[in-house]
Amino acid sequence: MSKKILNIQNLSIKLSNSQGTRNLINDISFSLEGGKTLGIVGESGSGKSLTSLSIMRFLPENSAWSVNGKIFFTTKNNQEVDLLSLSEKEMQRIRGNEIAMIFQDPMTSLNPSQRCGEQVVETLRLHQNVSYKEAKKRVIELFTEAQLPRPEAMFKAYPHEISGGQKQRVMIAIAMACNPALLIADEPTTALDATVQMAILDLMKQFGKKYGTGIIFISHDLNVIAKMSDHIAVMYKGELLEYNSTEELLKNPQHQYTKGLLACRPTTGKRLRELPTVNDFLNGGTNKEEVISTEERLLHHQKMYAQTPVLEVRNLNVEYALKKNFFGKTTKKLQAVDGANLEIYPGETLGLVGESGSGKTTIGRTILQLVKAQSGNILYKGVDLTKLSPQEMRAFRNKLQIVFQDPYSSLNPRYTIGRAILEPIRLYKIRESEKECREEAFAMLEKVGLDASFFDRYPHELSGGQRQRACIARTLSLRPEFVICDESVSALDVSVQAQILNLLNKLKKEMNFTCIFISHDLSVVKYMSDRIVVMKNGAIIEVGEADELYKNPKNPYTGMLIQAV
């Protein structure tokens, strides 16, 4: 039996401010053995990250924050210490050396002005008595173990020069540099493609086994947790609802919240008319699954594909300049979209799937003329959008709209939600008088499940799911005929994701718009789409009816994406 490296007893965290005292973590206890992985799962605000920050002692140490309980940690030399009772100087010796942490966003965690290799060298030399030469040699070894291509070149690369998956591998190398006894991974694969995600998870498991490192893996995705963990802890609003072995918890969940989390992820087997949500289970309602039959779907598609396409993409080529010489001439370029051909029919949801860099977002933005094509045509109801001037294109803007991936950066932080929705309504004169414009804005808020109180709130006052609802309300306030959803649910909790997917399907039916749904998550794309288009390296490699493509992929790459899900 492995030794217990972490033992948390009755941990409670409170935050006091002018509005009173809030219990953020309420009396939780769990333990972890060396070489084992504990998965902590729950929605945003459940207390997962707060628990990890308290282990690292990263929470502010002032009168506003109150952290009580015991966090016993067994060091490499078998000393048991209570982390909450250590001085800051003693904690500095433990952080990075004995306990390491990988954060969700590697771009903000890595120093943008320092080469990747130097950042790992810094960690090694801070905690170990080694020369620069020895540290560099160890970093190259770590980069090789982390399966980074060209480790020597990666050592010299800056974070902005490498992909998201490669940045996360650098973060893992930094975390594992000193062979820590405990590794905390806080949502480390949330924004990554399914294939990259799978590789990162495998890499972390390999490191854990090789060095006997105990891992706390935090996620809101039970699929990922199931792959990584020996035990799972389920958290909700600061409470530890359920704690069991992975096999037992997935087979026989006890709490209604856990059952909801397991059910709200789109299934790849049956096609549900509406996804169940966590609230369905928490409110004690019986979750009646309504399945769309193959015959009903076939009949719907026969009617749809008998129509004339609403949008046609013909031999589209888009290039990005990677390098220019002194005179501004492009010396190195990237073929982002390579000879793409598409037809989209009225009322259809076309899924666009592929890894980062496959060209799916570029196609979406080129359709909207946010990116210019080098060659090819984009015909919308017979009008070639690539031939229009900026002034002529403006007349089409209300007909073709987009919902972006990050709802926070796509909303003006200085505008209230009401003003953000009102502005396009006024600009395109959707309603005549100011009173009618405001009524329309309130009606749109109601349509997306936000009440009138959200009209005067600012984006920072909303949760991620509420912000995305506000973005959808702003997009649909123009009554568009064609909407592009670009990774619009990828950063959301699975429970919120289910709500947003149900909302999009409901509004699509009510408002009768055509949709391109872009994502790297094939299970979500399958649930939303009539047909799926698979892209790789800028080229379309497979197109097919969603269920059929998922069942019988023709291209090996498509099969690999499905396997990763």
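Begin by selecting the six strands that make up an open sheet, whose order is E6-E7-E8-E3-E9-E10 and whose pairing is mixed; strands are DSSP runs of E with at least two residues, helices are runs of H or I with at least four, both numbered from the N terminus, and two strands pair if DSSP finds at least two bridges between them. At the edges you will find strand E6 (99-102) and strand E10 (239-245), each of which pairs on one side only.

This is a predicted model, in which local features need pLDDT of at least 70 and side-chain atom pairs count only at pLDDT 80 or more, while totals for chains, interfaces and linings use all residues. Residues are numbered from 1 along each chain as its sequence is written, and side-chain values use heavy atoms, with hydrogens and water left out.

Select next strand E9 (residues 231-236), which runs antiparallel to E10 and is joined to E10 by six bridges; within this pair, Val234 stands opposite Glu242 of E10.

Then bring up helix H1 (residues 48-56), which packs on the sheet and touches strands E3 (37-41), E6, E7 (182-186), E8 (214-219) and E9, contact meaning heavy atoms within 4.5 Å. The direction of H1 makes about 145 degrees with that of E7, where axes are lines fitted to C-alpha atoms, for helices over the stretch in contact, and angles run from 0 to 180 degrees between N-to-C directions. Helix H7 (residues 164-176) lies across E6 and E7, at about 170 degrees to E6.

Finish at Thr37 in strand E3, which is buried, with a relative accessible area of 8% (buried means under 20%, with a 1.4 Å probe and protein chains only). Beyond its neighbours within four places in sequence, Thr37 contacts residues including Leu32, Ile215, Phe217 and His231.

Methods: Buried means under 20% relative accessible area, exposed over 50%, partly exposed in between (1.4 Å probe, protein chains only).
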